[in-house]
Amino acid sequence: MPLYGSLDITQSPARLPTLANLDTEAWTLPKAETMQLLVEVPRTTTEALLPKAMHPALPSYVALAVTKYPESPVGPFNLAMLRLGSRAGAHPRGFLLGAIASSAAAAEALRTRWGFPVEAGEVKFLRRHDRIMGTAKKDGRTILDCALVDPQPVAGSDVQYINWVTAANAPLDGQTQPMLIQVDPKYTFYKAERGKPQVTAFEAAAWHAPDVTLAEPIIGTCCTVDTDLPRIRFVMDPLKPVFQGTRRIRESRADE
């Protein structure tokens with residue numbers, strides 16, 4: 001029997017971001033620098049964090065990502081994210097648990113246009129000769145301090161970024177309701193590096209993941225890419241398996 005998450009997002013809709021509509025325009029985000037660290041976590045600490053429509057990844061892991069966006073429609077900003085490794089049917093996905101943006105304008109746009117559970121705070125992305133570092137602060141507290149240690153160049157084709165899923169309220173069929181929203185950025189790689197993840201500070205509760213404890217590091221990458229935040233193409237019923245509850249909002253990215 002396949003395993004499913006146990007989170008029922010329909011029980012606490014007031015805690016979710018709310019979208020004005022499902023027809024947001026795409027953002028083009030050129031020359032972004034994104035560091036992603038994959039770290040194993042005990043499955044017992046993540047069982048209550050994944051919606052019922054989705055499957056847990058085996059072994060369980062989280063993705064810590066810190067990205068520097070030098071250009072966007074709301075100006076430059078940095079973004080730190082925590083995603084839980086999972087699957088939507090047979091497709092690997094990262095379920096978004098929490099995020100911090102370095103500007104209030106970016107946080108507001110990401111919440112209301114794509115449904116990210118993001119708050120404004122302080123996020124830094126720094127590059128040194130032997131490491132790439134990312135930090136996030138919320139209410140003056142450091143809730144993430146991480147690094148990619150001893151980065152070595154690799155081909156962009158050696159790096160794979162999986163699509164994201166977030167939980168939000170959005171209008172559909174005349175009713176605003178909780179749903180799962182797929183966000184599927186595309187990437188054009190200019191530079192790619194791989195190294196060892198290092199996490200020296202992680203406040204799980206600040207990422208809406210109070211029971212998560214980090215275990216063994218898996219792999220870390222840092223890439224310079226042209227990317228985007230696309231128009232929403234798919235939404236999912238949060239309580240049904242995705243092969244039953246997925247709904248197409250538009251046909252393809254060409255509709256952008």
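**Figure 1. The largest cavity, with a volume of about 130 Å³**. The model is predicted: local features need pLDDT of at least 70, side-chain atom pairs count only at pLDDT 80 or more, and totals for chains, interfaces and linings use all residues. Residues are numbered from 1 along each chain as its sequence is written, and side-chain values use heavy atoms, with hydrogens and water left out. A cavity is a set of points, on a 1 Å grid over the protein atoms alone, where a 1.4 Å probe fits but cannot get out. Grid points are joined across faces, edges and corners, and a volume is the space filled by probe spheres set on the points. Searching the whole structure gives one cavity of 30 Å³ or more.

**Figure 2. Lining of the largest cavity**. Lining residues have an atom within 4 Å of a point. There are 17 of them, and T34, T67, Y69, W164 and Y187 are the closest to the cavity centre. Eleven lining residues are nonpolar, four polar and two charged; here Ala, Val, Leu, Ile, Met, Phe, Trp, Tyr, Cys and Pro count as nonpolar, Asp, Glu, Lys and Arg as charged, and the others, Gly among them, as polar. At least two lining residues come from each of strand 1 (27–40), strand 3 (61–69), strand 4 (77–88) and strand 13 (217–229). Strands (E, at least two residues) are DSSP runs, numbered from the N terminus.

**Figure 3. Salt bridge between K31 and D226**. A salt bridge is a side-chain nitrogen of Lys or Arg within 4 Å of a carboxyl oxygen of Asp or Glu, and the structure holds twelve. In this pair the closest N and O atoms are 3.8 Å apart. K31 lies in strand 1 and D226 in strand 13, so the pair links parts of the chain 195 residues apart. K31 is partly exposed because its relative accessibility is 40%; D226, at 21%, is also partly exposed. Buried means under 20% relative accessible area, exposed over 50%, and partly exposed in between (1.4 Å probe, protein chains only).

**Figure 4. Salt bridge between R43 and E47**. The closest N and O atoms of R43 and E47 are 3.8 Å apart. R43 has a relative accessible area of 35% and is therefore partly exposed. E47 is partly exposed at 42%.

**Figure 5. Salt bridge between R131 and D130**. Here the closest N and O atoms are 3.6 Å apart. R131 is partly exposed at 22%, and D130 is partly exposed at 31%.

Methods: 1 Å grid on protein atoms, 1.4 Å probe; cavity = no way out; pocket = protein on both sides within 12 Å on 5 of 7 lines; lining within 4 Å. Helix = DSSP H or I, 4+ residues; strand = E, 2+ residues; numbered from the N terminus.
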